[in-house]
Amino acid sequence: KTNVMFLKTHKTASSTILNIMFRFAERYNLTVALPVDQLLHLGYPNTFLAHFVEGFEVIGQNYNIMCNHLRFNPSEVQKVMAANTFYFSILRNPIALLESAYIYYKSNVPAFRSSKDVNEYLASPRKYYHSADHRANIYARNIMWFDFGYDNNAENDTEYTQTVLEEIEQNFHLILIADYFDESMILLKHVLCWDLDDVVYFKLNSRSQDTVHTLTPESEERIKAWCSLDWKLYLHFNQSFWRRIEETIGLEALDEEVDQLRTRQKELMETCLLEQEAVGKDHIRNKALLPFQSGAANILGYNLRQDVDNRTLRTCQQLVMPELQYTSYLYAVQHP
């Protein structure tokens with residue numbers, strides 16, 4: 001499948017998937033729906049409109065790939081993407097997600113900024129989270145629910161949430177789970193009829209362990225209540241994810257394929273990387289490959305070996321290219 005829309009959710013390993021999508025687009029010479037005026041997002045956090053895409057007036061419905069951040073709006077996305085487009089997204093356990101968002105957006109989000117640390121924030125979120133700031137505070141509560149186009153401050157009412165879950169099931173062919181990332185990539189490969197090298201990846205936009213904060217057990221429970229819409233979303237689609245694995249691949253074959261993916265990843269790391277692993281921002285030698293740094297997070301990147309042939313070097317560069325640089329590069333190629 002070459003017409004694919006990925007709803008890029010926040011702090012869910014989605015930058016790694018964006019890299020996979022961009023590499024696929026380059027490999028098969030596909031057209032990517034890039035943000036207008038060289039912006040980084042497709043209008044986010046505003047609800048998506050078709051004219052947020054560069055060249056939409058000219059190109060119309062002839063885009064193959066859409067994967068930059070946007071707030072989902074099916075009728076407008078359908079104006080840009082072909083009728084046979086495959087829609088997928090990814091969710092992450094809201095407990096890990098909120099801790100990650102807190103560190104990453106610490107300086108941008110009023111609710112995070114005014115609390116000392118993540119556990120203090122969670123002890124009484126309403127003390128810091130003011131609905132008057134709701135646009136600035138979207139990362140502080142039910143961010144996945146918001147990304148899918150819904151009200152992240154809505155009441156957790158059974159009838160309402162059930163309607164939303166059904167709508168998401170109608171709009172998306174597949175929802176992956178970041179907590180099982182390799183399993184997700186294997187499922188994606190099967191469902192899209194792609195090959196192993198299409199889904200092999202180096203982890204992008206991850207942060208150093210020393211910027212990960214430990215949540216208290218009380219905080220973990222409070223996240224389930226404070227982000228109860230995201231919690232419902234996650235539980236629902238975590239179940240459907242494993243059902244889909246059973247139907248499509250089966251658990252035994254899944255384990256074998258995950259091993260193949262990891263073996264291929266290790267091979268590429270040995271070929272491409274000086275250190276065989278991601279390094280902190282201060283240790284990235286080529287500043288052109290430095291990922292965007294945010295909040296209190298130290299976003300890791302990679303150093304490439306230079307003793308490889310040009311074709312291999314190009315493959316390696318694609319694997320490690322951070323989101324902003326890759327978006328700009330594709331923009332220059334598609335809209336010279």
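The structure is a predicted model, in which local features need pLDDT of at least 70 and side-chain atom pairs count only at pLDDT 80 or more, while totals for chains, interfaces and linings use all residues. Residues are numbered from 1 along each chain as its sequence is written, and side-chain values use heavy atoms, with hydrogens and water left out.

**Stop 1: the nonpolar core**

Select Met 66, Val 80, Phe 88, Tyr 121, Leu 176 and Met 185. These residues touch the most other members of the largest nonpolar core, which has 117 residues. A nonpolar core is a set of buried Ala, Val, Leu, Ile, Met, Phe, Trp, Tyr and Cys residues joined through side-chain atoms within 4.5 Å. Buried means under 20% relative accessible area, exposed means over 50%, and partly exposed lies in between (1.4 Å probe, protein chains only). In soluble globular proteins, nonpolar side chains tend to be buried together.

Now centre the view on Phe 88.

**Stop 2: two crossing helices**

Select residues 181-192, helix α10, and residues 251-272, helix α14. Helices (H or I, at least four residues) and strands (E, at least two) are DSSP runs, numbered from the N terminus. Two packed helices are described by the angle between their axes and the distance between the axes. Here the axes come within 9 Å and cross at roughly 100°. Axes are lines fitted to C-alpha atoms, for helices over the stretch in contact, and angles run from 0 to 180 degrees between N-to-C directions. The helices α10 and α14 are therefore roughly perpendicular to each other, a description that applies from 65 to 115 degrees, whereas under 35 counts as roughly parallel, over 145 as roughly antiparallel and the rest as oblique.

Display the side chains where the helices meet. From α10 come Asp 182, Glu 183, Met 185, Ile 186, Lys 189 and His 190, and from α14 come Leu 254, Glu 257, Val 258, Leu 261 and Arg 262. The residues of this contact divide into five nonpolar, one polar and five charged. Ala, Val, Leu, Ile, Met, Phe, Trp, Tyr, Cys and Pro count as nonpolar, Asp, Glu, Lys and Arg as charged, and the others, Gly among them, as polar.

**Stop 3: an enclosed helix**

Select helix α4, residues 94-104. Ten of its eleven residues are buried, so α4 is largely enclosed by the rest of the structure. Among the buried residues are Pro 94, Leu 97, Glu 99 and Tyr 104. The cover over them includes α5 (110-113), α6 (118-123), α8 (143-147), α12 (217-226) and α13 (228-248).

At the N-terminal end, select Asn 93, which caps α4 with a side-chain oxygen 2.9 Å from the backbone nitrogen of Ile 95.

**Stop 4**

Which loop holds Asn 64? Asn 64 is placed between α2 (56-59) and β2 (65-66), and it is buried, with a relative accessible area of 15%. Its side chain makes a polar contact with the side chain of Asn 3 at 3.0 Å and reaches the backbone nitrogen of Thr 31 at 2.7 Å. A polar contact is a pair of N or O atoms within 3.5 Å; within protein, one must be able to donate a hydrogen and the other to accept it, and residues adjacent in sequence count only if both atoms are side-chain atoms.

Next select Glu 76, in helix α3 (residues 74-80). Is Glu 76 buried or exposed? At 12% relative accessibility, Glu 76 counts as buried. The side chain of Glu 76 reaches the backbone nitrogen of Ala 50 at 2.8 Å.

**Stop 5: backbone features**

Most residues other than glycine have a negative phi, and most peptide bonds are trans. Select Tyr 44 and Pro 45, which are joined by a cis peptide bond with omega about 5°. Pro 45 lies in the loop between α1 and α2.

Asn 29 is also in the loop between α1 and α2. Its phi is positive, near 55°, and Asn 29 is exposed, with a relative accessible area of 71%. Finally, select Gln 276, in the loop between α14 and α15. Gln 276 has a positive phi of about 65° and counts as partly exposed at 36% relative accessibility.

Note on methods: Contact means heavy atoms within 4.5 Å.
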